[in-house]
Amino acid sequence: MKQKLLIFLFVLGFSFLHSQNLAWKTNMNDALKMCDEQRKPLLIFFTSAGISPAIQNEVFATRDFLDWSEKNIILLKLDLSDVSLSAEEREQNVKLKEALGIEELPKVCIATASIRRNKPTINKLGLLEYNTGGAKKWISEVKAILNGD
C-alpha cells in the first residue's frame with residue numbers, strides 16, 4: 001500500500017514539475033514568427049554560462065510568471081555561451097544583443113516583433129535586469145514597459 005502511495009506521489013510530483021516548464025524559444029526566427037502570428041510582445045532573456053541563476057529561480061521558475069507569460073508574451077532565451085549553436089546563429093544572437101544595447105548579462109529585453117515582406121522588425125520597448133522582490137514585482141515592471149509607463 002505504501003509503495004503505491006509513494007509511486008503515486010512521485011508521478012504526481014513529476015507531472016507538476018513538468019507542467020511548470022516555461023515554453024522558451026531558443027531560435028530567434030521561430031520566436032519572431034510566433035510574435036507575428038500571435039500578436040504578442042517578445043521577452044528576450046540574454047544569458048551565458050556562469051551567470052547567477054537568481055532571476056531564473058526567483059522569477060522564471062515561479063507559477064506566477066508561468067501563468068502570466070503563457071497568456072501575455074513570447075519567451076526567447078538566448079544563451080550566448082551555447083556551443084551547440086551554429087556560427088550563423090551565434091553571430092545573429094550577438095548582433096541582436098549589440099543592436100539592443102545590451103552590455104552586461106543577464107539582461108531581459110521587452111520588444112515588439114513583426115515580419116513584413118519576409119523581413120523581421122524588432123522594436124525595443126525596454127530593458128530589465130534582476131532586482132530582488134520576486135515574480136509579482138518583476139511582472140509589474142514588465143507591464144509598465146509594455147504600457148509605456
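Colleague: Why is Ile73 called buried?

Modeller: Buried means under 20% relative accessible area, exposed means over 50%, and partly exposed lies in between, with a 1.4 Å probe and protein chains only. Ile73 has a relative accessibility of 4%, so it counts as buried. This is a predicted model, in which local features need pLDDT of at least 70, side-chain atom pairs count only at pLDDT 80 or more, and totals for chains, interfaces and linings use all residues. Residues are numbered from 1 along each chain as its sequence is written, and side-chain values use heavy atoms, with hydrogens and water left out.

Colleague: Where is Ile73 found, and what does Ile73 touch?

Modeller: Ile73 is in the loop between helix 4 (63-72) and strand 2 (74-79). Helices (H or I, at least four residues) and strands (E, at least two) are DSSP runs, numbered from the N terminus. A contact means heavy atoms within 4.5 Å. Leaving aside residues up to four places away in sequence, Ile73 touches Lys40, Pro41, Leu42, Leu43, Trp68, Ile110 and Val142. Leu43 is 30 residues from Ile73 along the chain, yet their C-alpha atoms are separated by 6.6 Å.

Colleague: What makes Arg117 and Asn118 count as exposed?

Modeller: Arg117 has 82% relative accessibility, so Arg117 counts as exposed. Asn118, with a relative accessible area of 74%, is therefore exposed as well. Arg117 is found in the loop between strand 3 and strand 4 (119-128), and Asn118 is in the loop between strand 3 and strand 4 too. Phi is positive in each of these non-glycine residues: near 55° for Arg117 and near 60° for Asn118.

Colleague: Which peptide bond is cis?

Modeller: The bond from Leu105 to Pro106 is cis, with omega near 0°. Pro106 is placed in the loop between helix 5 (87-99) and strand 3 (107-116).

Colleague: Why are the buried residues of helix 6 said to line one face?

Modeller: The buried residues of helix 6 are Ala135, Trp138, Ile139, Val142 and Ile145. Seen down the helix axis, they fall within an arc of 110°, so they line one face of helix 6. The arc is that of the directions from the helix axis to the C-beta atoms. These residues pack against strand 1 (42-47), helix 3 (54-60), helix 4, strand 3 and strand 4.

Colleague: How does the span of helix 6 compare with the expected one?

Modeller: The expected span is 1.5 Å times one less than the number of residues. Helix 6 (residues 134-146) has 13 residues and reaches 19 Å from first C-alpha to last, close to the 18 Å expected.

Colleague: What lines the largest pocket?

Modeller: A pocket is an open set of points on a 1 Å grid over the protein atoms alone, where a 1.4 Å probe fits, with protein on both sides within 12 Å along at least five of seven lines; lining residues have an atom within 4 Å of a point. The largest pocket holds about 180 Å³ of space. Of its 13 lining residues, the closest to the centre are Ala23, Ser69, Glu70, Ile73 and Leu75. Helix 4 gives the largest share of the lining, three residues.

Colleague: How many helices and strands does the chain have, and what percentage of its residues count as buried?

Modeller: The chain has six helices and four strands. Of its 149 residues, 33% count as buried.

How values were computed. Grid points are joined across faces, edges and corners, and a volume is the space filled by probe spheres set on the points.
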